[in-house]
Each structure stands twice: as structure tokens, then as C-alpha cells.
Amino acid sequence: MISSKWNYLPLTSEQKRVEAQLATKFPNCPAISQLLVQRGIETWDEVQQFFHPSMSQMHDPFLMQDMHKAVKRLNDAMGLKEKIMVYGDYDVDGTTAVALVYKYLLNFYSNVEYYIPTRYEEGYGISMKSIDYAAEIGVKLVIVLDCGIKAIEEVEYAKEKGIDFIICDHHVPDDVLPDAVAILNPKLEGNPYPFKNLSGCGVGYKFMHAFTISNGITNLYDLESLLDLVAVSIAADIVPIMGENRVMAYFGLKRINSNPNIGLRSIIRICGLSNKEITISDVIFKIGPRINASGRMQSGREAVDLLVAKDMADAIEKGKNIDQYNKDRKELDKQITEEASKILENRGEIVAGKKPIVIYNKDWHKGIIGIVASRLTELYYKPSVVLTYSNGLATGSSRSVHGFDIYKAVESARDLLENFGGHTYAVGLSLKEENIPEFKRRFEQYVIENIGSEQLTPQIDVDCELDFSDITPEFVATLRLFNPFGPGNQKPVFVTRNVFDYGTSKLVGKTSEHIKLEIIDSKSSVVMNGIAFNMSEYFPYIHAHKPFEICYTIEENKRVASNNIQLQIKGIRIADEDVERRADS
């Protein structure tokens with residue numbers, strides 16, 4: 001396990017000034033004002049908007065470039081009774097987006113169907129096969145979600161067959177764009193839309209909102225009831241939970257916890273989350289992977305079938321199938337990760353330094369390589385590219401470490417690629433098998449020249465220091481208002497120094513690999529409970545009643561009537577080791 005570097009993030013002089021003003025609003029919880037300022041919140045009005053999200057904080061969808069064109073073409077299609085196809089990627093973001101747009105349009109129009117390409121026969125994005133199918137069944141308009149921004153040839157081919165495209169995407173565009181009727185993508189250069197980090201499903205939601213406005217529909221219940229799907233996409237696609245995403249995630253989670261989509265309800269039951277307050281973390285680690293498993297192991301269409309299901313018995317049956325796919329996926333990704341690690345170790349390629357991981361095995365399962373890339377990045381804390389063979393090409397996924405833009409690294413060798421696309425931390429790519437050695441050389445060179453040494457060490461950003469006496473019911477209640485947590489608003493991490501075993505800490509777990517802590521600090525007699533997963537090596541030191549320090553998040557166990565606070569330990573250090581400090585850039 002790679003040791004993490006702790007970064008304590010001090011406030012700048014200007015932030016201290018703002019923090020002092022906000023602190024007057026939280027006289028009993030001084031750390032709250034510091035946490036707010038660290039998240040860019042500077043005024044009391046901004047605090048109120050942050051703590052109490054409102055749909056009124058959403059931007060006018062017509063601010064997005066091409067929105068008027070997109071709405072007009074959709075309205076024209078309905079007026080002319082044209083057949084409409086809703087098309088999306090096979091991952092969670094794509095399938096939730098297709099389910100949302102399809103379900104909403106069915107409230108007003110019946111001549112609509114959906115299509116999800118197969119990962120293995122058609123691959124990522126818009127396929128020629130899907131265009132041929134659309135032409136065969138008489139489709140005149142295709143609404144594409146979570147892909148399509150680079151589909152220049154495919155859109156041209158569709159135009160020749162009399163099919164128009166509206167592209168709703170959020171991936172990084174190239175300089176040349178497809179000749180679609182409209183392209184809705186907040187990342188387009190010059191797009192005046194104020195919020196750039198929507199998920200693909202979020203772009204679809206904005207499109208449907210604009211459609212609603214254009215038709216004079218003032219009751220938004222049917223649209224806003226679909227925010228549970230948007231919340232799932234936001235969590236699973238790891239987009240920043242700030243701005244509009246925070247608002248949609250907030251109300252989407254409320255929906256998930258009160259009256260979720262029937263398909264989601266079946267997954268919630270299977271996950272054992274029915275009697276629990278579901279969080280973004282639950283969506284990331286339990287709900288999202290199950291929905292994703294459909295596209296990885298079989299067909300992403302099955303995920304949409306589940307999410308648009310109207311009958312609970314049918315949804316439960318579909319949910320069980322998808323849960324089995326997820327179990328199969330877990331076994332396979334464990335096996336392939338172990339194989340990859342052995343290959344790398346046998347080659348002697350896992351060494352100190354800036355060299356990234358590039359590995360190819362033509363027999364690996366295409367649907368799993370993205371997960372394997374993530375696993376290798378976690379294991380070795382290096383940018384990783386994992387490739388397999390599919391449909392005549394080496395096809396792969398890449399994942400990055402914090403702070404390193406792997407999209408630019410892959411783009412540096414774009415002349416060797418047949419296709420690529422993605423985000424700062426995750427990129428999909430395909431290339432001819434004979435180009436792998438040169439791609440590997442150039443990718444490695446780019447990473448070595450551009451990655452910082454500090455980016456090759458896991459980082460724990462510490463928000464502020466607390467004494468155990470600061471962790472009061474009022475503090476915890478106010479901290480709860482920071483939800484939902486995610487990129488851009490990570491769960492606060494605290495440090496407490498001079499901590500001692502209360503005398504009752506013990507090892508737990510099947511192999512005694514975890515520590516169940518009962519600890520006090522040097523400033524009070526408050527006893528705190530904590531859990532330190534996979535940190536048993538520290539137990540002899542702790543058991544000897546020597547001082548240490550911890551960094552942690554604060555968790556609540558609502559099933560416990562009293563003393564329901566537990567510290568989730570992220571790191572332990574003996575007392576004479578200093579926390580690394582750096583200015584917040």
C-alpha cells in the first residue's frame with residue numbers, strides 16, 4: 001500500500017478576512033466558516049444557496065448554444081409525426097440519459113424508441129449499423145446523448161439517408177464538429193452557457209427543460225421527477241458536484257430516498273439500501289456499478305429497459321439479471337487485474353519514477369479494461385492505459401492520477417489513433433495493433449515530461465484541524481448541510497493531534513486487518529469511536545498508549561440511537577511526523 005502525503009490547506013490572507021466575517025454566523029462551530037471559504041463561498045447569501053439548494057438556481061437552458069435550433073427541430077418532428085430515436089452510450093451516464101429523455105418524451109409523443117450500441121459489435125459512439133437500422137425503420141430524427149461530438153463521418157452518412165441528428169454531449173470537442181442540426185455541449189468553445197461541467201444526462205435534462213418551456217408547460221413535476229436519473233449520472237460519471245450539478249444531485253438524491261424510479265428501486269433493494277439514507281457514495285459504489293455492468297457484460301440496452309420499466313415485478317427480474325452481471329464483472333476484473341499486475345512485475349516495469357503503465361493483452365474482456373485501468377492506477381499510483389483487441393483494433397481505456405490531464409497525454413499521439421475521447425481523468429481510445437509500440441513510447445515520453453513528482457504520490461487534502469471537543473451535535477448537524485459530497489465539494493477531512501488509545505481499541509476483521517478505535521485527545525475527556533481499515537500495522541504503537549495523530553472524515557450511523565458518530569480514519573501518523581503543508585493554489 002502506497003503511503004499518502006497529507007496536505008494541510010491553510011487559508012490565504014484574503015480568505016482569512018472573509019472567514020472572519022462568516023465566523024460570526026457560526027460562533028459555536030468556527031471550523032464551518034473555514035470549510036465554506038475553502039469551497040469558494042464568501043457571502044451569507046452564497047452560504048444560504050449552498051446549504052439550501054433551490055431549482056431557481058438553475059440556469060435558463062436557452063443560454064446554451066444551439067438550444068433554440070434543437071428545440072425547434074424536436075417540435076417540428078413531433079408536428080410532422082416523424083419517428084424519433086433516442087440514442088446513447090452504454091455506460092451509466094448514457095443509459096440514464098436515454099431513459100430520461102425517452103420517458104419524458106413519451107408523456108407527449110408515442111412515435112419514439114431508444115437505441116444503445118453494443119460495446120463489442122459497434123463500440124463507443126454512433127455506429128454505422130445504428131444509422132442503417134434507423135433508416136430501415138423510418139427514423140427521421142436521432143437525439144444522441146453522452147456521445148457523438150466526434151462523429152463527423154457518421155452524421156454525414158446519416159444525412160445522406162435523410163436522418164437529422166441533435167447531439168447532446170459533454171465530452172471535449174475537436175476543432176471540427178459534426179454537421180448536426182444542433183450540438184448541445186457546454187464545453188464547446190465560445191458557448192455562453194455558464195456551467196461547463198454537466199453530465200451527459202444533465203445535458204439531456206436541460207434539453208427537455210427547454211422543450212418544456214417552448215411548449216408553455218408550467219408544471220415541471222414530470223420533468224423534475226426524473227432528477228433521480230440525473231443524480232445517478234452525476235455520481236457515476238464523477239463530474240463536479242457544484243453549481244447546477246449540486247442542485248440536481250441534491251433534489252435527485254431526495255427523490256432516490258423518497259420515491260425513486262421503479263428500476264432504481266429494484267437496484268436499491270438488491271443493494272440492501274432500502275432502509276438506509278442513500279448518499280452519493282452509495283450511488284458510486286453500489287448502484288452505479290450494477291447499472292454499468294449491463295453494458296460491460298452484455299448490452300447497455302438492458303439497463304435502459306430496467307430504468308424505463310413500469311411494472312415492479314418486471315423491474316425486480318431485470319434488476320436480478322443486472323446484479324448477476326455485476327457479480328460476473330467483479331470476478332473478471334479481479335482476475336484480469338491480477339494478470340496485469342503479474343505481467344508488469346515480471347517485466348520489472350513497476351519501479352520508482354515517472355514512467356506510466358501501458359499494457360496490452362488481446363484476450364482480455366473489452367468491457368472490463370476500464371475498471372482494470374482504474375485498479376492499476378490505484379495500486380501503483382501511475383497513469384495507466386490498458387488495451388485489448390476488438391473488431392480489428394486495439395481498444396483501450398486510460399485512467400489518471402490526481403492533477404494529471406491524461407486526455408492531453410493521449411491526444412499527444414492522436415495521429416496514431418483511430419478514435420479517442422473522454423475527460424481529464426479517463427479516456428477511451430482505439431488504434432491499429434502495429435501502432436501500439438510507438439503509442440507506448442510517445443505516451444510514456446509525454447507523461448515523463450509533464451507529470452510532477454508530487455502527482456505520483458497519493459494525496460490527502462486536510463481541510464482543518466479539530467479537537468474532539470469541537471465535534472458537537474451542532475457541528476455535525478451543520479456539517480450535514482454540506483451534502484451532497486463529491487468532486488468540487490469533497491467530504492471534509494480533519495486532523496486531530498496528540499490522540500491516545502482510551503484502552504479499549506482492538507483489531508477486527510477476518511484477519512485482524514482493521515482497527516476499531518476508542519480514542520481521546522490531549523485537550524478533553526471526550527471519547528471518540530473510529531474505524532481504521534487495513535491499518536493493523538499501527539496497532540502495537542497505539543496499544544502502547546503512545547501519542548499519534550489522525551486524519552479522518554466524520555460519519556453518522558443513524559441506526560445507533562446514541563453516540564452515533566464514528567471517525568472514518570484515512571491516515572495515522574506517529575506524533576513526531578509533521579503534516580505536509582502547502583499553500584492552497
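Mentor: Happy to! Keep in mind that this is a predicted model. Searching the whole structure turns up 30 salt bridges, so let us visit a few of them.

Start with Lys 161 and Asp 132, whose side chains form a salt bridge at 3.8 Å, N to O. Lys 161 sits in the loop between helix H7 and strand S5, while Asp 132 belongs to helix H6, so this pair ties together parts that are 29 residues apart in sequence. How accessible are the two partners? Lys 161 is partly exposed, because its relative accessible area is 36%, and Asp 132 is partly exposed as well, with 29%.

Now look at Lys 159, which makes a salt bridge with Asp 179; their closest N and O atoms are 2.5 Å apart. Lys 159 lies in helix H7 and Asp 179 in the loop between S5 and strand S6, so parts 20 residues apart in sequence are tied together. Lys 159 is partly exposed at 38% relative accessible area, and Asp 179 counts as partly exposed at 43%.

Next comes Glu 244 with Lys 206, where the closest N and O atoms of the salt bridge are 2.8 Å apart. Here Glu 244 is in helix H11 and Lys 206 in helix H8, so the pair ties together parts 38 residues apart in sequence. Are these two buried or exposed? Both Glu 244 and Lys 206 are buried, which means that each has under 20% relative accessible area.

Finally, salt bridges can also link up: Lys 150, Asp 174, Glu 411 and Arg 414 are joined in a network of them.

Key. Residues are numbered from 1 along each chain as its sequence is written. This is a predicted model: local features need pLDDT of at least 70, side-chain atom pairs count only at pLDDT 80 or more; totals for chains, interfaces and linings use all residues. Side-chain values use heavy atoms; hydrogens and water are left out. A salt bridge is a side-chain nitrogen of Lys or Arg within 4 Å of a carboxyl oxygen of Asp or Glu. Helices (H or I, at least four residues) and strands (E, at least two) are DSSP runs, numbered from the N terminus. Buried means under 20% relative accessible area, exposed over 50%, partly exposed in between (1.4 Å probe, protein chains only).
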